[in-house]
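Dear colleague,

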Amino acid sequence: MDIHVPKDHPRYQSISVREKLIEMVESKVVAPAGLIAHGRGEAFDYLCGEDTPKPAYRAIEAAAACLLTAKHPVLSINGNAAALCPEDLVTLSQLSGAPMEVNLFYRTVEREKAIAEVLYKAGAKEVLGVGDEASDSIPEIGSERRRIDPRGIGSADVVFVPLEDGDRTEGLVGMGKTVITIDLNPLSRTARKANISIVDNIIRVIPLLNEAVEKLKDRKREELEKITADFSNQHNLRASLDFIADQLHSFSFEGE
Ligand code: PTJ
């Protein structure tokens with residue numbers, strides 16, 4: 001379906017993003033459940049005032065420092081992430097030296113190829129995790145959802161998994177990997193299980209993360225390690241929840 005959204009519509013950006021995701025479901029990049037996940041994210045984005053909550057800046061700095069000090073960082077890319085900000089993810093991969101791996105909850109070879117294609121079009125030189133390349137597995141996770149690439153997530157010390165499901169986050173942490181996530185829902189299992197959770201919209205986060213990586217890349221290793229060590233995910237999630245609660249308390253219908 002091709003709908004025209006007038007540019008002066010107050011919700012132009014939000015509607016355009018929805019349309020993009022619907023289009024990407026048709027090309028198999030986004031799973032049908034990705035639309036539901038997006039709606040869930042939108043609800044939390046409203047609660048955040050559709051702007052980056054203050055605590056997210058701290059988490060972004062810690063994530064940048066963690067990626068820069070990792071021995072073998074990997075960016076795990078799913079359908080929603082590839083549809084929402086492919087170019088910015090390719091830039092993050094180049095700036096941080098972390099290869100990208102297609103890693104899906106609803107895994108089919110057709111979708112893996114469609115997502116890799118989106119990333120190649122956005123400028124990626126290599127995309128891991130497609131087809132038989134994903135020959136390793138996350139222990140204790142059933143079926144196709146457990147598959148990972150031994151050259152990528154399989155041998156990574158730090159894995160960046162935006163918009164991930166709780167089970168696999170827990171599985172990766174159980175394998176001894178440091179997990180960085182982006183999730184608008186500070187109460188999600190992923191946000192609580194990850195080592196660094198950035199509570200904000202992926203569309204705003206990746207450009208900010210790229211800036212943070214650029215800013216920190218020449219700092220001494222000890223300084224970067226201190227930034228990561230000083231970060232408490234539990235504390236930051238609490239601050240994100242407080243931010244949302246304050247937003248709700250300060251909201252007023254006066255003048256409407
Ligand atoms: O492409 P696949 O097969 O790997 O599937 C991807 C989805 C997202 C469908 C799959 O991982 C899934 O079902 O995820 P969940 O369990 O619905 O979790 C997605 C989380 O991402 C939810 O907590 C949402 O609040 C959050 N979210 C959705 N959109 C955004 C977001 N967080 C940040 N930015 C967004 N734009």
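The largest pocket has a volume of about 1,000 Å³, a volume being the space filled by probe spheres set on grid points joined across faces, edges and corners. A pocket here is an open set of points, on a 1 Å grid over the protein atoms alone, where a 1.4 Å probe fits and protein lies on both sides within 12 Å along at least five of seven lines; its lining residues have an atom within 4 Å of a point.

Please bear in mind that this is a predicted model, in which local features need pLDDT of at least 70 and side-chain atom pairs count only at pLDDT 80 or more, while totals for chains, interfaces and linings use all residues. Residues are numbered from 1 along each chain as its sequence is written, and side-chain values use heavy atoms, with hydrogens and water left out.

The lining of the largest pocket comprises 42 residues, and Ala-37, His-38, Gly-41, Asn-80 and Leu-163 lie nearest its centre. Helix α2 contributes the most to this lining, namely eleven residues (helices are DSSP runs of H or I, at least four residues, numbered from the N terminus).

Among the polar contacts (N or O pairs within 3.5 Å), a side-chain N or O atom of Arg-111 is 2.7 Å from a ligand oxygen, a backbone N or O atom of Tyr-106 lies 2.8 Å from an oxygen of the ligand, and a backbone N or O atom of Ile-202 is 3.0 Å from a ligand nitrogen.

Best regards

Note on methods:
A polar contact is a pair of N or O atoms within 3.5 Å; within protein, one must be able to donate a hydrogen and the other to accept it, and residues adjacent in sequence count only if both atoms are side-chain atoms. Helices (H or I, at least four residues) and strands (E, at least two) are DSSP runs, numbered from the N terminus.
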